[in-house]
Amino acid sequence: MEMLYPETWWGFLLMYLMVFVGGGLLCALAQLLIIKTKLTPARILVIFLLAGIALQTVGAYEPLLNVFHSGVSVPIVGFGAALAKGAITYAQSYGLPGALAGGLIQTAFGIGAAVVMSYIVTLIFSPKCK
């Protein structure tokens with residue numbers, strides 16, 4: 001995937017606007033689901049994860065990524081797409097074992113960074129029990 005970076009200030013402004021629109025649409029959709037349905041935030045999180053997997057599987061995630069950039073790659077939808085992309089890529093190379101391990105291989109750095117940063121935060125801050 002090749003992202004073209006704009007060379008003018010107007011291009012940068014437009015790119016940031018599209019990132020904001022993409023992330024804002026996802027947040028608005030989640031808020032609508034919370035307000036209009038009885039879905040819990042955890043279930044909405046799973047729905048968004050599965051949506052990312054489905055979008056990557058049918059090939060619709062890359063065009064969205066080219067338009068909205070990190071507005072769709074940073075939220076949980078992007079994590080689902082990364083899981084699916086890894087599973088698909090490694091399944092083509094290694095078959096069933098690759099399909100099972102590919103998603104974890106693709107997302108291992110992000111998961112590892114989240115675990116390490118969480119540990120560092122627990123060392124710095126102490127909880128206040130009531």
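Visitor: What is the relative accessible area of Glu62?
Guide: This is a predicted model, in which local features need pLDDT of at least 70 and side-chain atom pairs count only at pLDDT 80 or more, while totals for chains, interfaces and linings use all residues. Residues are numbered from 1 along each chain as its sequence is written, and side-chain values use heavy atoms, with hydrogens and water left out. Glu62 is placed in helix α3, helices being DSSP runs (H or I) of at least four residues, numbered from the N terminus. On a scale where buried means under 20%, exposed over 50% and partly exposed in between (1.4 Å probe, protein chains only), Glu62 is partly exposed, because its relative accessible area is 24%.

Visitor: Which residues of α3 are buried?
Guide: Helix α3 spans residues 61-68, and its buried residues pack against α1 (9-36), α2, α4 (70-73) and α5.

Visitor: At what angle do α2 and α5 pack?
Guide: Helix α2 covers residues 41-58 and helix α5 residues 76-94, and their axes, lines fitted to C-alpha atoms over the stretch in contact, are 7 Å apart. The angle makes α2 oblique to α5, since angles under 35 degrees count as roughly parallel, over 145 as roughly antiparallel, 65 to 115 as roughly perpendicular and the rest as oblique. Taken between N-to-C directions on a range from 0 to 180 degrees, the angle is about 45 degrees.

Visitor: How many residues of the contact of α2 with α5 are charged?
Guide: Contact, meaning heavy atoms within 4.5 Å, involves Leu45, Phe48 and Leu49 among the residues of α2, and Ile76, Val77 and Lys85 among those of α5. With Asp, Glu, Lys and Arg as charged, Ala, Val, Leu, Ile, Met, Phe, Trp, Tyr, Cys and Pro as nonpolar and the others, Gly among them, as polar, the contact holds 12 nonpolar and four polar residues. The number of charged residues is one.

Visitor: How many nonpolar residues are in the contact of α5 with α6?
Guide: The axes of α5 and helix α6 (residues 96-124) come within 6 Å and cross at roughly 140 degrees, which makes α5 oblique to α6. Residues including Phe79, Tyr90 and Tyr94 in α5 meet residues including Leu96, Pro97 and Ile111 in α6. Beside six polar and no charged residues, the number of nonpolar residues is 13.

Visitor: What distance separates the C-alpha atoms of Glu7 and Ile34?
Guide: Glu7 lies in the segment before α1 and counts as exposed because its relative accessibility is 78%. Glu7 and Ile34 are 27 residues apart along the chain. Their C-alpha atoms are separated by 40 Å.

How values were computed
Helices (H or I, at least four residues) and strands (E, at least two) are DSSP runs, numbered from the N terminus.
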